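Me: I would like to go through this model term by term. For each label, tell me what it rests on.

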Amino acid sequence: MPANGSASKLSQLIGNTDLLTIPSLSKLTQCDISVKCEFQNPGGSVKDRAALQMVLSAIESGDLKPGMTIVEGTAGNTGIGLAVVAKSLGFNLKVVMPKGQAKEKEQMIELHGAELILVDPVPFANENHFYHTARRIAEENADFWWANQFENTANADAHYLTTGPEIFEQTNGDITYFVSAAGTGGTIGGITKYLKEQNEQIGTVCVDPNGSGVFNFLQSGEYKATQGGSFTEGIGIMRLVDNFREAKVDETITLPDSDIVTLANYVRQQDGLVLGSSSALNVAAAFYTAVQKGPLSGGAKQHVVTLACDLGERSVSKLYNNEFLETKGINPDTESMEEMTTRYTQTTDLLKKVTFQYN
């Protein structure tokens, strides 16, 4: 974002988001729990940063030239971010997206002027997976450029160059833990790499939704899914990609969707903060981390930072929809936040040390 707060292109507004300390959760834990408000980006998510950096790097390298079309496969937010950047910088965009994602994301991609191509959701090994479909479309035309967010390390560079430094500056270097889920691995890769370079003692935690394999991979080197599946979108992965190789992760945790629902409803009611599903997972893991780590020696507060990845309104049809939650066997009223806090206090073994060296 321009230093004077004035811009001539929408893409120039990406970055420099605020850091919000959540009052209710900080009071419950006697720690500072803060979220980086990535929903403030013009495309409404953290993926705006990666989209901009990937495009700018491709322009600089000569891979993306005026008049070319950008192609990408995405679960939603990267597509929206690329749509904002493409329109701002004068490129066309084709987005390949699996069916079944939040309708709000499909609508925003098209509203920002991109062509949306919906495909059936299939395993990664299937050639019709959205990732492979996007690659094929790009390869079929010399005037198309494939963003390839999973392997394109300009994704992680975006967070090494901007998000990480912003967090360190906004906490005056006093951040003690950083917590994040991983999708492409770019966000957690770039931020943890930067923070560890500033202070090796900053703890880093990767949270994984049920049904993903990152949790087991970080302990055994095997992508083995945890039991069940999650309705979160755009996070969790079943293979090692170049962006995640950048990550410096100390501990890992997996949490059920029921905890996401309890946490999201609590901060919405107490703080007026409407989180998306991936953001709620991040904050639940940050909350557990704060509960378990407790005060620093001498009574100083821990400062646990995570990301509010996108606009909460993109999760209305799932996270805040009781009819949808019923189909997943989740009752929002089963457990109160106070009961969840007690459970988190008593359950001391959810955080696992990372034992597999992947980078």
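Me: Which residues line the second largest pocket?

Reply: This is a predicted model, where local features need pLDDT of at least 70, side-chain atom pairs count only at pLDDT 80 or more, and totals for chains, interfaces and linings use all residues. Residues are numbered from 1 along each chain as its sequence is written, and side-chain values use heavy atoms, with hydrogens and water left out. The lining consists of Val261, Thr262, Asn265, Tyr266, Arg268, Gln269, Pro332, Asp333, Glu335, Ser336, Met337 and Glu338. Helix H9 (257-271) and helix H12 (337-346) are the elements that give two or more residues to this lining. H9 gives the most, with 6 residues.

Me: What makes a space a pocket, and what makes it a cavity?

Reply: Both are sets of points on a 1 Å grid over the protein atoms alone: in a cavity a 1.4 Å probe fits but cannot get out, while a pocket is an open set with protein on both sides within 12 Å along at least five of seven lines. Lining residues have an atom within 4 Å of a point. A volume is the space filled by probe spheres set on the points, with grid points joined across faces, edges and corners. By that rule the second largest pocket holds about 160 Å³, and the largest cavity has about 40 Å³.

Me: How many residues of each class line the largest cavity?

Reply: There are 2 nonpolar, 2 polar and 4 charged residues. Ala, Val, Leu, Ile, Met, Phe, Trp, Tyr, Cys and Pro count as nonpolar, Asp, Glu, Lys and Arg as charged, and the others, Gly among them, as polar. The lining includes Ala102 and Phe231, as well as Lys105, Glu233, Arg314 and Lys318.

Me: Why is strand S7 called largely enclosed?

Reply: Buried means under 20% relative accessible area, exposed over 50%, and partly exposed in between (1.4 Å probe, protein chains only). In S7 (residues 177-181), 5 of the 5 residues are buried, so the strand is largely enclosed by the rest of the structure. Side chains in a regular strand alternate between the two faces of the sheet. In S7, Tyr177, Val179 and Ala181 are buried on one side, and Phe178 and Ser180 on the other.

Me: How do you know which strands S7 pairs with?

Reply: Strands are DSSP runs of E, at least two residues long, and helices are runs of H or I, at least four, numbered from the N terminus. Two strands pair if DSSP finds at least two bridges between them. S7 and strand S8 (residues 203-209) have 5 bridges and run parallel, with Ala181 bridged to Val207. Strand S10 (residues 303-308) is joined to S7 by 2 bridges, also parallel, and Tyr177 is bridged to Val304.
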